[in-house]
Amino acid sequence: MRVAVIGIGTMGLLHAGILNALEGVELCAMADKSNHLLGMIKNHKSVPVFDDYVKMLEGEKPDAAVIATPVKLHVAMMRECAKRGIHFLVEKPLSLNAHEAEKVLQEVADKKLVTMVGYVLRYTETFQKAKEVLSSGALGRIQGFEGTSYVAQLFQGGKGWRSNRKDSGGGVVISQATHLLDLLHWYFGEPTRVTATCQYLYSEEVEDAAHAQLEFDNGVRGWIDCSWSRRHHRLLEIGIEVQGENGTLSVDDDSVKLYLDDAAFGHGAGWTHWSKPDLFHGVTIDIGGPQYTRQDEAFARAVMLGGTLDTDIVSAWRVQKTVDALYKSAERRGEPVKP
Amino acid sequence: MTIDPILLGHNQFFGVNHLEAGAGNQKAIYFSDTQRILEVIRGARELGVRGMMMSTHERALLVADEFRKDGALQKEFGVYLLIPDVAKYIRQANEKGLVNAITDSLGSTSMTEKLATLLSGGIGALTGDATKVLTTLIDFEVGPFRDLNLKSIVLHDVLADLALGLDMPEVFATFDRHVRERYGAIPGYGTKNLPRMVAMLKRAGVENPFIMAAINKKGFWVNPTLAECEQCLRTEKLRLLAMSSLAAGYLKPDEAYEYLYSLPNVESVVVGVSNMRHGEETFGAIRRQLERRV
């Protein structure tokens with residue numbers, strides 16, 4: 001398949017590098033408005049580069065596109081792709097809010113396009129293992145969870161599009177905690193009630209920290225806490241702890257720790273610990289971590305062989321509804337909101 | 001120039017722990033006192049270690065200052081400099097975009113450095129000449145460490161693997177030439193994709209490359225498979241700097257190094273230790289295997 005990349009920032013380059021190296025995939029063009037990186041690519045790569053992505057879609061007619069641009073551009077770009085029957089992988093979050101993405105859902109369904117949203121943690125071994133354990137029912141009835149998302153990133157007013165609410169849709173919740181919310185959706189289904197508070201520690205327009213309680217349709221309840229102004233977290237660290245009738249499970253990027261009162265569904269009683277080396281499997285090419293390769297491979301496979309993905313835009317749209325509810329609740333000083 | 005057979009790693013000094021982020025933070029607290037880092041470096045030196053990996057992390061600048069105060073460390077201890085400090089750029093790019101992250105970094109240098117940077121490549125950077133951008137970035141990152149005993153300058157795996165994925169052999173050719181000509185150092189290449197990188201460097205005209213890659217019998221961080229990497233070591237001409245030889249602490253030193261030195265073309269190994277007891281155990285296990293190999 002021929003794939004074009006829109007937006008040459010960190011994520012655009014990462015996807016371009018991986019896809020270009022996959023069997024059966026050809027990176028056919030790249031587009032960006034900024035001349036800095038385009039110039040670099042132009043000098044060293046034979047792929048055509050465009051400063052107008054619509055012209056690129058028209059001229060190159062790719063089978064698929066990667067959209068890795070600021071959030072406010074996502075909807076228009078997805079629609080330009082959908083209009084031309086181009087499958088797409090769009091970086092997370094899906095859109096500024098759930099409402100603006102609704103028209104895309106229909107257009108994509110009409111054309112039967114393969115879509116993927118960059119919730120890459122579903123392709124990280126530890127979070128996959130946790131999904132497997134949770135789905136097995138080994139923990140018994142789920143009583144509750146705690147989820148955290150922290151990174152030491154921002155300790156003064158931000159710069160660039162992320163600090164501007166009109167362009168980003170919000171702060172740490174929409175740009176980072178959506179990974180955590182996506183995992184919670186994957187693990188527990190859809191929230192039916194959200195209450196939240198947001199804190200503006202350094203930024204004026206977007207929240208730097210937030211705390212929210214979520215209640216899911218199956219009765220599971222828990223809380224999340226997130227901040228991008230949390231010292232001592234060199235890299236983004238996302239973790240979830242789950243309490244069940246028969247034990248506990250905790251998962252983060254590095255490991256999965258399961259404790260069971262009684263052996264169940266193939267898991268022994270007491271502690272079971274899976275570390276990253278236990279769960280590691282090599283990939284065709286590793287650039288930013290094997291999870292990105294698995295993600296791009298899943299996308300390419302679905303495009304080439306046909307098929308659906310559970311990380312599609314419908315699933316990401318549901319996450320977006322939860323984000324909207326969280327922001328609405330925080331605006332109303334913690335009043336419960338139904339997504 | 002010869003490559004030292006054992007190199008002290010640096011991740012533990014700066015809060016990096018691949019088995020558990022929390023443990024990394026604990027060590028970062030301990031090593032927030034630069035003297036404690038120096039204790040480990042001097043201890044490793046007493047145990048016969050003659051060089052170390054060093055990132056261009058802001059705390060590494062403090063370590064470099066200590067090297068200068070200690071003439072022996074400055075002149076005799078080999079520095080294998082890993083550039084650029086990718087984590088810093090990614091954190092900043094997450095916040096303000098990739099281009100802002102790079103230009104702000106270059107902007108944070110002193111006036112003299114800025115002028116030098118501008119003269120040597122800044123104009124190229126503005127016009128988008130990739131070769132100039134790369135050599136400017138190298139000079140910017142290497143600058144503060146230039147007066148140390150720089151044995152090698154190693155291109156960080158994230159950047160090297162990106163150029164690999166994008167299929168840009170010129171990046172490697174440029175890096176190789178610049179590091180040799182300007183610094184008289186051995187150009188090194190970090191990668192998580194050993195066989196692919198070897199093939200790429202061959203195409204780029206880099207002979208007998210010095211490559212830093214993970215290799216361990218657990219297969220942790222070894223791509224695409226352990227068997228293919230072993231095959232590559234057996235059949236290709238390269239000098240491997242083995243990293244993750246203990247699979248992030250998963251393997252015991254004796255079993256890890258017995259495996260490692262059963263492979264050909266292993267020229268050096270980089271391993272992080274946090275205290276002397278740990279150092280004696282780890283370096284001792286390596287030395288036993290090295291002696292057996294000779």
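Me: How many of the 9 residues of helix α9 of chain B are buried?
Reply: This is a predicted model. The buried residues of α9(B) are B:Asp157, B:Ala160, B:Asp161, B:Leu162, B:Ala163, B:Leu164 and B:Gly165. The helix is therefore largely enclosed by the rest of the structure, the count of buried residues being 7 of the 9.

Me: Which elements do the buried residues of α9(B) pack against?
Reply: In chain A, the partner is α1 (10–21). In chain B, the partners are β4 (150–155), α10 (169–183), β5 (186–191) and α11.

Me: Are α9(B) and α11(B) roughly parallel or roughly perpendicular to each other?
Reply: Helix α9 spans residues 157–165 and helix α11 spans residues 194–203, both in chain B, and their axes lie 10 Å apart. The angle between the two is about 70°. Angles of 65 to 115 degrees count as roughly perpendicular. The arrangement of α9(B) and α11(B) is therefore roughly perpendicular.

Me: What is the handedness of the crossing where α9(B) passes α11(B), and which residues meet there?
Reply: The crossing of α9(B) past α11(B) is left-handed. From α9(B) come B:Ala160, B:Asp161, B:Ala163 and B:Leu164. They meet three residues of α11(B), namely B:Arg196, B:Met197 and B:Met200.

Me: At what angle do α11(B) and α12(B) pack, and how do the residues of their contact divide by class?
Reply: Helix α12 covers residues 226–235 of chain B, and its axis is 8 Å from that of α11(B), at an angle of about 40°. B:Leu194, B:Pro195 and B:Val198 of α11(B) touch B:Glu228, B:Cys229, B:Cys232 and B:Leu233 of α12(B). This contact of α11(B) with α12(B) divides into 1 charged, no polar and 6 nonpolar residues.

Me: Where is the residue with a positive phi just after α9(B), and what is its phi?
Reply: The residue is B:Asp167, which follows just after α9(B). Its positive phi is about 65°.

Me: What percentage of the residues in chain B are buried?
Reply: Chain B contains 14 helices and 8 strands. Of the 294 residues in the chain, the buried share is 56%.

Key: Residues numbered from 1 in each chain as written. Chains lettered and ligands numbered in written order. Predicted model: local features only at pLDDT ≥ 70, side-chain atom pairs only at ≥ 80, totals over all residues. Heavy atoms only, no water. Axes fitted to C-alpha atoms, helices over the stretch in contact; angles between N-to-C directions. Helix = DSSP H or I, 4+ residues; strand = E, 2+ residues; numbered from the N terminus. Parallel < 35°, antiparallel > 145°, perpendicular 65-115°, else oblique. Left-handed = near helix turned anticlockwise from the far one by under 90°. Contact = heavy atoms within 4.5 Å. Buried < 20%, exposed > 50% of the residue type's maximum accessible area, 1.4 Å probe, protein only. Nonpolar A, V, L, I, M, F, W, Y, C, P; charged D, E, K, R; others polar.
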